[in-house]
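Subject: Structure for your review

Dear colleague,

Please find below the structure that I am handing over to you. My findings on helix packing and aromatic contacts follow it.

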Amino acid sequence: MIQQTQSLSPEALCFAIIDVMSNELTPLIQLLKKWRAANDLSQAEAVAAFQAEGLPITLDSLQNWEIGRRAPRGLSAVALADFLKRHSKISKPRTK
């Protein structure tokens, strides 16, 4: 693997790293994606549901989490985990 990455251009190496990262989502984000699928929610609808319950999660944050670019940390992760546990089944919120 190391020999393969040594021959890559810096740009190709960046894309290879992002690809590997996106395949290694945290358990919380895996749960989030399953929750969205189970509730048949788009990312925008999920954000609307979070915001309706007082969680200040943006669409940009959700997208970054789901592709593995970032992960919620600290209180954000705790609040998200608690929300998903308490709201396992929800009705679709209205989007703006």
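**Helix packing and the aromatic cluster**

In α3, the residues Leu 32, Trp 35 and Arg 36 meet Gln 43, Ala 46, Ala 49 and Phe 50 of α4. By class, this contact of α3 with α4 comprises five nonpolar residues, one polar and one charged. Please note that the model is a predicted one.

The two helices, α3 and α4, pack with their axes 10 Å apart and at an angle of about 100 degrees. Since angles of 65 to 115 degrees count as roughly perpendicular, α3 and α4 are therefore roughly perpendicular to each other.

Helix α4 spans residues 43-52, and its buried residues are Glu 45, Ala 46, Val 47, Ala 48, Ala 49 and Phe 50. These buried residues pack against α3 (27-38), and also against α5 (59-66) and α6 (74-86). After α4 comes Gly 54, which has a positive phi, near 90 degrees.

Phe 50 is buried, with a relative accessible area of 0%. Leaving aside residues up to four places away in sequence, Phe 50 touches Leu 32, Trp 35, Leu 55, Ile 57, Leu 62, Leu 80, Phe 83 and Leu 84.

As to the aromatic rings, the count comes to three aromatic pairs. One of them joins Trp 35 and Phe 83, whose rings are edge-to-face, at 5.6 Å centre to centre and with 75 degrees between the planes. Trp 35 belongs to helix α3 and Phe 83 to helix α6, so this pair ties together parts that are 48 residues apart in sequence. Both Trp 35 and Phe 83 are buried. The rings of Phe 50 and Phe 83 are also paired: their centres lie 5.0 Å apart and their planes stand at 80 degrees, so the pair is edge-to-face. With Phe 50 in helix α4 and Phe 83 in helix α6, the pair ties together parts that are 33 residues apart in sequence. For Phe 83, the relative accessible area is 2%. Trp 35, Phe 50 and Phe 83 together form one aromatic cluster.

Finally, the largest nonpolar core has 18 residues, of which Leu 32, Trp 35, Phe 50, Leu 62, Leu 80 and Leu 84 touch the most other members. The elements α3, α4, α5 and α6 each give two or more residues to this core.

Yours sincerely

Methods:
Residues numbered from 1 in each chain as written. Predicted model: local features only at pLDDT ≥ 70, side-chain atom pairs only at ≥ 80, totals over all residues. Heavy atoms only, no water. Buried < 20%, exposed > 50% of the residue type's maximum accessible area, 1.4 Å probe, protein only. Helix = DSSP H or I, 4+ residues; strand = E, 2+ residues; numbered from the N terminus. Contact = heavy atoms within 4.5 Å. Phe/Tyr/Trp six-rings, centres within 6.5 Å; stacked < 30°, edge-to-face > 60°. Core = buried A, V, L, I, M, F, W, Y, C linked by side-chain atoms within 4.5 Å. Axes fitted to C-alpha atoms, helices over the stretch in contact; angles between N-to-C directions. Parallel < 35°, antiparallel > 145°, perpendicular 65-115°, else oblique. Nonpolar A, V, L, I, M, F, W, Y, C, P; charged D, E, K, R; others polar.
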